[in-house]
Amino acid sequence: MNTSKVLEQSPGPERLEPVLVVTAPKLPAERLDQLRRSIARQLRERLWVVPDGVRWSVELLPVGAEAVLLRAADPPPEASGQDQEDASRKEAAEKRRILERLQAYRRDKGLGCFGPVAAKCRRWKVTPELLRSALFEGGAISMEQLRAVDRALDKIMLEDPGDGPAGREGTEGAPERE
């Protein structure tokens with residue numbers, strides 16, 4: 001709320017004073033009251049630690065308004081738990097697909113096949129040992145590294161289309177996965 005709107009809405013020639021207006025996420029009334037008391041106490045101590053999700057502003061309001069006002073706000077859209085779960089599921093499915101593709105490539109090419117794959121994604125610090133660890137021991141590998149492996153397998157398929165089941169489904173010229 002800007003100052004001009006406050007001035008237009010204030011009744012009569014009353015004196016205006018600055019008031020701290022805090023916008024908090026939707027909370028039960030009891031928690032909002034707790035938050036209000038906590039903020040007032042901290043301000044008296046001249047130190048206010050602003051909690052996550054809380055916004056504040058100083059507004060001019062008529063004399064006598066409460067020192068701290070609270071407004072409930074909707075949580076920001078990016079904080080939606082459902083969106084994060086969907087993204088996690090998609091990432092897990094992508095990881096599974098790439099690891100299955102790497103495993104099919106290993107079955108087809110045999111020992112020593114991870115060297116050429118690692119060589120094609122040097123920039124991402126992918127080594128044959130990292131690939132073996134990720135595939136056979138459940139070792140940690142980042143999504144960026146896995147995506148680099150996926151692109152490396154694409155390049156290998158383009159260089160030698162007879163490279164077996166490492167192709168992507170629907171990729172033109174590459175055989176479909178089993």
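## Nonpolar cores and salt bridges

In this predicted model, Val 126 makes contacts beyond its neighbours within four places in sequence with Ala 118, Cys 121, Leu 131, Gln 145 and Val 149. A second, separate core of eight residues has Leu 20, Ala 24, Leu 35 and Val 54 among its members.

Val 126 itself belongs to the largest nonpolar core, a set of 22 residues, where the residues with the most contacts inside the core are Leu 102, Val 117, Val 126, Leu 131 and Val 149. Two or more residues each are given to this core by α3 (81–109), α4 (114–120), α5 (128–136) and α6 (143–159). Helix α6 supplies the largest share, seven residues.

Nine salt bridges are present in the structure. Three of them are tabulated here.

| Asp 33 | Arg 37 | 2.3 Å |

The bridge between Asp 154 and Arg 101 joins helix α6 to helix α3 and so ties together parts that are 53 residues apart in sequence. Asp 154 is partly exposed, at 23% relative accessible area, whereas Arg 101 is buried, at 0%. Asp 150 and Arg 101 are both buried. Salt bridges link Arg 97, Arg 101, Asp 150 and Asp 154 in a network.

The pair Asp 33 and Arg 37 lies within helix α2 (residues 29–44); the two residues are four apart and therefore separated by about one helical turn. Asp 33 is partly exposed at 32% relative accessibility, and Arg 37 is likewise partly exposed at 44%.

Note on methods. Residues are numbered from 1 along each chain as its sequence is written. This is a predicted model: local features need pLDDT of at least 70, side-chain atom pairs count only at pLDDT 80 or more; totals for chains, interfaces and linings use all residues. Side-chain values use heavy atoms; hydrogens and water are left out. A nonpolar core is a set of buried Ala, Val, Leu, Ile, Met, Phe, Trp, Tyr and Cys residues joined through side-chain atoms within 4.5 Å. Buried means under 20% relative accessible area, exposed over 50%, partly exposed in between (1.4 Å probe, protein chains only). Contact means heavy atoms within 4.5 Å. A salt bridge is a side-chain nitrogen of Lys or Arg within 4 Å of a carboxyl oxygen of Asp or Glu.
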